[in-house]
Structure formats: structure tokens, C-alpha cells
Amino acid sequence: MQSNPTTVIVDGQGVEALCQSCGVCCSTFRISFYWGETTAAEGGTVPVEMTEQMNLYRSCMKGTSQSKPRCIALAGNIGESVTCTVYENRPSPCREYDVFDAQGELNPRCNQARAKHGLAALDVRFVPTVGMPAHIGLPIKEIGPK
Ligand code: SF4
Ligand code: SF4
């Protein structure tokens with residue numbers, strides 16, 4: 001069953017604004033990936049000085065492998081205003097994380113992570129405008145935590 005959220009997000013910019021007011025996934029999970037994504041490898045883009053080698057094949061973002069994780073590349077205060085300082089060169093797990101599923105429901109890991117930081121659950125839903133029939137009106141586009 002679909003939720004009835006107080007906040008509706010309708011485009012990529014809305015998702016960006018949502019994440020810039022949150023950032024807990026960068027302070028909760030270990031962000032690990034194939035070492036070849038780092039600049040130590042030809043064609044790699046993730047700054048190697050911001051990573052640590054976990055084993056022969058895998059690296060992780062510095063700061064995310066500790067008991068209270070926080071990615072070294074995260075600037076700002078979580079739950080308020082954050083920025084990824086290596087956004088264009090971030091590793092694959094950050095690029096591939098689905099904030100919303102195909103039905104527009106928020107990834108449950110987001111609110112699990114927020115709960116760990118004592119932050120209120122986000123009550124949001126993604127409703128893409130592209131391809132929507134013109135006669136269907138959208139609710140308020142306000143962005144932000146509940
Ligand atoms: S936890 Fe979810 S909503 Fe928060 S910054 Fe990460 S992806 Fe965005
Ligand atoms: S690289 Fe950027 S998006 Fe990925 S965990 Fe670090 S701050 Fe977050």
C-alpha cells in the first residue's frame with residue numbers, strides 16, 4: 001500500500017535538496033568499493049588520499065570503517081546542511097544508492113540510519129512529473145524533514 005506522505009518530491013533537484021538536509025547515510029554505513037575506483041588506478045576518480053585499503057581488492061572511504069562512521073568527504077552538519085566534497089568523483093556505492101524505489105517509496109535504510117542518529121523519520125514520497133497526465137494535480141512540493 002502506498003504511504004500518504006506530508007512531503008512530495010517531484011524531481012532530481014528535490015532529491016538533492018532532501019539529501020543536502022540529511023547526510024546520515026554518509027555517517028552510518030561503511031562505504032566500500034573496488035580499489036580500482038581510486039585515483040591510484042588508471043582511470044580511477046575517487047581521491048585515493050580520502051580512502052583506505054581494506055584488503056587486496058577493496059577500499060573504503062576514510063572514516064566510514066570506524067565504530068561511529070563519518071565519511072571524510074562529508075562537510076557540514078548532518079540533519080541540517082551537508083555537502084559531499086567529492087560529489088563528481090564519489091565512489092559507486094554512493095552513486096548507486098537508490099533513495100526511492102520504483103514505486104516512489106523512500107529506501108527504508110534512510111530512516112533506519114536517521115533513527116540511529118536520533119533524527120526524525122522522513123515522511124516523503126517521489127512522484128515524477130514526466131509522463132504524468134496533465135489533469136492530475138500534485139500536492140505541495142515542499143522539501144524537508146518532517
Ligand atoms: S539517508 Fe537517504 S535521504 Fe538521507 S542523505 Fe542519505 S540517501 Fe539522502
Ligand atoms: S563520498 Fe560523498 S556521498 Fe559518498 S559517503 Fe562520502 S560524503 Fe557521502
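Trainee: How many residues lie between E3 and E4 in their hairpin?
Mentor: This is a predicted model. In it, E3 and E4 pair in the antiparallel sense over 3 bridges, and Thr51 stands opposite Met61 in E4. The two strands form a hairpin, and the number of residues between them is 4.

Trainee: What is the strand order of the open sheet that holds E4?
Mentor: E4 pairs antiparallel with E3 over 3 bridges, and E2 and E4 also pair in the antiparallel sense over 3 bridges. The edge strands, each pairing on one side only, are E2 (32-34) and E3 (51-53). Neighbouring strands of this sheet are turned by 35° against each other on average, direction ignored. The order of the 3 strands is E2-E4-E3.

Trainee: In the hairpin of E5 and E6, which residue takes a positive phi?
Mentor: Strand E5 (residues 74-77) and strand E6 (residues 81-84) run antiparallel and are joined by 4 bridges. Within that pairing, Gly76 stands opposite Val82 in E6. The hairpin has 3 residues between the strands, and the residue with a positive phi near 80° is Gly79.

Trainee: Is Pro69 buried, partly exposed or exposed?
Mentor: Pro69 lies in the loop between E4 and E5. Leaving out residues up to four places away in sequence, it touches Ser27, Thr28, Phe29, Arg30, Gly63 and Thr64. A residue needs 20 or more other C-beta atoms within 10 Å to count as buried, and 12 or fewer to count as exposed. Because Pro69 has 18 other C-beta atoms within 10 Å, it is partly exposed.

Trainee: How far apart in space are Pro69 and Ile31, C-alpha to C-alpha?
Mentor: Along the sequence the two residues are 38 residues apart. In space, the C-alpha to C-alpha distance between Pro69 and Ile31 is 9.5 Å.

Trainee: Is Gln103 buried or exposed?
Mentor: Gln103 sits in the loop between helix H2 (92-96) and H3. Its C-alpha atom is separated by 8.9 Å from that of Arg125, 22 residues apart along the chain. Because Gln103 has 9 C-beta neighbours inside 10 Å, it counts as exposed.

Trainee: How many residues does the largest nonpolar core have?
Mentor: Strand E4 (58-61), helix H3 (108-116) and strand E7 (124-126) each supply at least two residues of the largest nonpolar core. Those with the most contacts inside it include Val24, Met61, Cys71 and Cys110. Of these, Cys71 touches Cys26, Ser27, Ile31, Met61, Gly63 and Thr64, not counting residues up to four places away in sequence. The number of residues in this core is 20.

Trainee: How many charged residues are in the shell around ligand 2?
Mentor: Ligand 2 is surrounded by Cys26, Ile31, Met61, Cys71, Ala73, Leu74, Cys84, Val86, Arg90 and Cys94. The shell has 9 nonpolar and no polar residues. The number of charged residues there is 1.

Trainee: In what order do the elements of the protein run from the N terminus on?
Mentor: The protein has 3 helices and 7 strands. Buried residues make up 25% of its 146 residues. From the N terminus on, the elements run β-α-β-β-β-β-β-α-α-β.

Note on methods: Residues numbered from 1 in each chain as written. Chains lettered and ligands numbered in written order. Predicted model: local features only at pLDDT ≥ 70, side-chain atom pairs only at ≥ 80, totals over all residues. Core = buried A, V, L, I, M, F, W, Y, C linked by C-beta atoms within 7 Å. Contact = placed C-beta atoms within 7 Å. Pairing = 2+ DSSP bridges. Near = placed C-beta within 6 Å. Nonpolar A, V, L, I, M, F, W, Y, C, P; charged D, E, K, R; others polar. Axes fitted to C-alpha atoms, helices over the stretch in contact; angles between N-to-C directions.
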